[in-house]
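Subject: Structure handover

Hi,

Here is the structure I promised to pass on. Please open it alongside this note; what I found follows below.

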Amino acid sequence: MKELDELILLYVEDELSTLLLYEKYFKSKFKTVYTARDGIKALESYENLKPDLIILDINLPYLNGLDVAKKIREKDNQVRIILLTACDDKETLIKAIGLNILTYLEKPMSRNILNTMFEKIKSSYDNHLDKSITFYENLTDKYIWNFSKKILLKNQEIIKLTKKETLLMELFMNKPNEIISFETIYDYVWIEDNYKNFSIPSIKTLIKNLRMKLPELLINSSYGNGFIINLK
């Protein structure tokens with residue numbers, strides 16, 4: 001498990017008084033703390049400084065925090081990203097699905113909230129790269145889903161998945177044995193292309209194609225509600 005004082009933090013906040021307050025506190029916790037006050041500077045700082053962690057306000061000038069996170073995720077799925085929101089905005093959180101956000105924090109951040117955040121940061125490094133789920137079709141066929149690499153293996157051979165199949169598999173594996181609604185699926189899988197080519201039949205076709213690459217009856221329908229991947 002990594003300690004906070006080994007990590008480089010990029011803290012992005014447009015309100016100067018808030019930035020100065022938390023910057024001072026974060027400097028007592030992290031190895032190095034860099035700051036930015038708008039989305040463009042945040043991306044530039046990320047590119048130039050290569051931080052381990054980004055604490056990112058959603059409401060930023062020029063480029064909002066969600067767009068910053070999307071651009072970072074196009075090339076980097078390892079840097080930890082924490083999003084700051086001014087309120088419990090369900091719509092914003094739905095838009096962030098698929099961006100591999102470590103956690104969401106509501107402003108202003110209390111000491112208890114910060115301590116919980118610090119623990120999540122540290123625990124995210126504990127065996128993160130090796131996390132996987134194993135399941136079987138029979139006594140001989142073994143499947144493995146690797147969370148960090150986002151790959152599916154069958155008997156140690158990679159099963160080729162399309163981009164949307166990979167996103168759907170990731171969603172199912174993050175919520176095993178839970179009913180996943182049609183709405184959740186299209187928010188997770190189609191959000192990056194602004195829901196182009198989305199329809200209920202397109203979801204059913206995607207499910208059908210993914211089923212063909214998995215053990216029989218692993219993905220089940222919940223009539224009228226969505227789908228569930230059964231790993232019990």
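Which residues touch the most other members of the largest nonpolar core? They are Leu152, Met169, Phe172 and Ile185, in a core of 28 residues. Two or more residues each come from β7, α6, α7 (182–189), α8 (200–211) and β12 (226–229). Helix α6 gives the most, with six. Leaving out residues up to four places away in sequence, Phe172 touches Ile180, Ile207, Leu210, Ile219, Phe227, Ile228 and Ile229.

Now the overall picture. Keep in mind that this is a predicted model. The protein has eight helices and twelve strands. Of its 232 residues, 45% are buried. Take the contacts between residues at least 6 apart in sequence: 55% of them join residues at least 24 apart.

Next, a sheet. Four strands form an open sheet in the order β6-β7-β8-β9, with antiparallel pairing. The edges are β6 (132–136) and β9 (157–159); each has a single partner strand, so one side of each lacks a neighbour in the sheet. Neighbouring strands are turned by 30° against each other on average, direction ignored. Strand β8 (residues 151–154) pairs with β9 over three bridges. Leu153 has Ile158 in β9 as its bridge partner. Helix α6 (residues 163–174) packs on this sheet and touches β6, β7 (142–146) and β8. The direction of α6 makes about 95° with that of β7.

Then the charges. There are nine salt bridges.

- Glu23 and Lys27: the closest N and O atoms are 3.4 Å apart. Both residues lie in helix α1 (residues 16–27), four residues apart. Glu23 counts as buried, at 16% relative accessibility.
- Glu119 and Lys122: the closest N and O atoms are 3.2 Å apart. Both sit in helix α5 (residues 111–124), about one turn of the helix apart. Glu119 is partly exposed at 46% relative accessibility, whereas Lys122 is buried at 16%.
- Glu170 and Lys150: the closest N and O atoms are 3.0 Å apart. Glu170 is in helix α6 and Lys150 is in the loop between β7 and β8, so the pair ties together parts that are 20 residues apart in sequence. Glu170 is buried at 8%; Lys150 is partly exposed at 21%.

Separately, salt bridges with shared partners join Glu13, Asp57 and Lys107 into one network.

Best wishes

Notes: Residues are numbered from 1 along each chain as its sequence is written. This is a predicted model: local features need pLDDT of at least 70, side-chain atom pairs count only at pLDDT 80 or more; totals for chains, interfaces and linings use all residues. Side-chain values use heavy atoms; hydrogens and water are left out. Buried means under 20% relative accessible area, exposed over 50%, partly exposed in between (1.4 Å probe, protein chains only). Contact means heavy atoms within 4.5 Å. Two strands pair if DSSP finds at least two bridges between them. Axes are lines fitted to C-alpha atoms, for helices over the stretch in contact, and angles run from 0 to 180 degrees between N-to-C directions. A nonpolar core is a set of buried Ala, Val, Leu, Ile, Met, Phe, Trp, Tyr and Cys residues joined through side-chain atoms within 4.5 Å. A salt bridge is a side-chain nitrogen of Lys or Arg within 4 Å of a carboxyl oxygen of Asp or Glu.
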